[in-house]
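Here is a short tour for anyone who likes to see the cut-offs beside the values. Have the viewer open and follow along.

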Amino acid sequence: MDQKPWWKNLQPLRLRPCWSIVWNKLESLEPDDLTEDDPAWQFTLVQDILYMRKQSGGQTVAIDLGWYPDGDPAGAYRLEAILDDNWENPILECTSRSTREIVETMEYWLFECLPCSHEKSFRRRHPNRK
């Protein structure tokens with residue numbers, strides 16, 4: 001049986017050049033289309049799916065994506081933007097069972113919400129976030 005290489009299953013993403021992907025295992029699949037015994041629950045829909053970072057104006061911003069609870073068919077994606085490694089207080093959050101919605105949200109954050117180094121710092125644009 002011919003299987004396509006694992007990397008051909010990855011979800012295409014639009015990124016701004018200021019971002020660095022640390023790891024990416026986000027696949028082009030919709031969780032609601034999977035059966036309960038699909039191997040994706042064990043190997044794909046896990047806590048560590050995607051992580052990217054960028055430096056901007058002396059700050060570090062990260063985007064983290066995982067599936068919670070890990071491998072649970074009743075779970076959901078959790079997408080968070082983290083400022084200066086403050087994991088307790090994400091600056092942006094989204095929860096969804098839809099891969100399409102998560103990708104659209106992530107791309108919106110990258111292009112509309114999180115500035116690159118030539119733009120004002122996030123803290124100056126959003127002074128109410130601590």
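## Cysteines

With a disulfide taken as a pair of cysteine sulfur atoms within 2.5 Å, the count comes to 0 disulfides. Cys 94 is buried at 12%, and Cys 113 is buried at 15%.

## Model and confidence

This is a predicted model, in which local features need pLDDT of at least 70 and side-chain atom pairs count only at pLDDT 80 or more, while totals for chains, interfaces and linings use all residues. Residues are numbered from 1 along each chain as its sequence is written, and side-chain values use heavy atoms, with hydrogens and water left out.

The chain has an average pLDDT (the predictor's confidence in each residue, from 0 to 100) of 89, and 88% of the residues score at least 70. Confidence is highest in β5, with a mean of 98, and lowest in helix α3 (residues 122-125), with a mean of 56. Helices (H or I, at least four residues) and strands (E, at least two) are DSSP runs, numbered from the N terminus.

## The sheet

An open sheet is built from 5 strands in the order β1-β2-β3-β4-β5, with antiparallel pairing; two strands pair if DSSP finds at least two bridges between them. At the edges are β1 (20-24) and β5 (92-96), each pairing on one side only.

β1 and β2 (residues 50-56) run antiparallel to each other over 4 bridges. Within β2, Arg 53 is the bridge partner of Ser 20.

## Salt bridges

The whole structure holds 5 salt bridges, each a side-chain nitrogen of Lys or Arg within 4 Å of a carboxyl oxygen of Asp or Glu. One of them joins Arg 97 to Asp 32 at 2.6 Å, N to O. These partners are 65 residues apart: Arg 97 is in the loop between β5 and α2 (99-113), and Asp 32 is in the loop between β1 and α1 (40-43). Arg 97 is partly exposed at 26%, whereas Asp 32 is exposed at 55%.

Arg 53 also takes part in a salt bridge, with its closest N and the O of Asp 85 being 3.3 Å apart. Asp 85 lies in the loop between β4 and β5 and Arg 53 in β2, so the pair ties together parts 32 residues apart in sequence. Both are partly exposed, Asp 85 at 44% and Arg 53 at 24%.

Definitions and conventions. Buried means under 20% relative accessible area, exposed over 50%, partly exposed in between (1.4 Å probe, protein chains only).
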